[in-house]
Amino acid sequence: MTAPVPEQVLAEMVDYYRARAPEYNEWWLRQGRFNRGAEANARWFADIEVVQAALQDFALKGDILELAPGTGNWTAELLRTAQTITAVDASPEMVAINRACFQSERITYVIADLFTWQPTRQYDAIFFSFWLSHVPHERLAAFWRMVATALRPGGKLFFVDSLPEATGTAHDQPLPAASTQIMTRLLNDGRHYEIVKNFFDATTLINHCQAAGLTVTVQPTAAYFYYGMGTRN
C-alpha cells in the first residue's frame, strides 16, 4: 500500500493547474514538450476519437455536472446534448479560459476544491476527465460516494483518464513509480510541482463504484486512455 498523500501536495496540485492553465492545451494538442512524433501523435488522436464516439453514443442529457472541466476540451462535447452544465474546478485560471471559449448561458461555473466540495442537488448525469488519476487511494471511496450523492437514481456517469503510457506525458516528465502516488510535473519555464498521479485498474474502479451504489463498465483504448460509463442504482 502506498503512503497517504500529504495535504501540502494536494494544495501544490491546485497551484500547478492554476499556473499551467495557459499552456494546458499543449498536452491535449500534442504540441511543444508533448509532441511525441507523427506516429505516437496519430495514436493519441485516434484514441481521443474512440472516447468521443463512446460519449456521443452514451448521450449524457439534461442537467450535467462536470468535475474538473479545465479549459473545456470535453465541455465542448457535453454541450452537444446537455440542457445545462455545472462546471466545478479549483482553478480560476482554467475556468476563465473555459468561460471565454464558450460564453454559454447554459454553463454555471463553480470554483471549488473537489476534495472538500459537496453537491447541494442531484444531476441527470456526471462527467469528469483526467481527474480520477489525481485522487489519492485513501480518498477514492469518499470521492465515489460524493459522485453517487450528486447523481439522481438512474442517472448516467461517464469518465475518462490516462493509462500508464510513457509517451502520454512530456518527454522530460517521466511517469511515477508504481510504489508512489506522487509525480513531479514541469511547466515550460522549468518550474516543477508535485501532484497526485494514480493509474487505477478497472477492477478497483468497478468495486469502488459498486460500493457507492454505481454500476459501471471500464474499458481501455488502444494506447492512452481508459473510460468508464454507467448509472446510479
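Reply: Happy to. Buried means under 20% relative accessible area, exposed over 50% and partly exposed in between, with a 1.4 Å probe and protein chains only. C209 counts as buried because its relative accessibility is 0%, whereas C101 counts as exposed because its value is 52%. This is a predicted model, where local features need pLDDT of at least 70, side-chain atom pairs count only at pLDDT 80 or more, and totals for chains, interfaces and linings use all residues. Residues are numbered from 1 along each chain as its sequence is written, and side-chain values use heavy atoms, leaving out hydrogens and water.

With a disulfide taken as a pair of cysteine sulfur atoms within 2.5 Å, the count is zero.

C209 also leads us to W144: beyond neighbours within four places in sequence, W144 is in contact (heavy atoms within 4.5 Å) with F128, L132, L157, F159, L205, H208, C209, A212 and L214.

A cavity is a set of points on a 1 Å grid over the protein atoms alone where a 1.4 Å probe fits but cannot get out, and lining residues have an atom within 4 Å of a point. Grid points are joined across faces, edges and corners, and the volume is the space filled by probe spheres set on them. There is one cavity of 30 Å³ or more, and the largest cavity has a volume of about 620 Å³. Of its 46 lining residues, Y17, R20, Y24, F130 and H134 are the closest to the centre.

Terms used: On a 1 Å grid over the protein atoms alone, a cavity is a set of points where a 1.4 Å probe fits but cannot get out, and a pocket is an open set with protein on both sides within 12 Å along at least five of seven lines; lining residues have an atom within 4 Å of a point.
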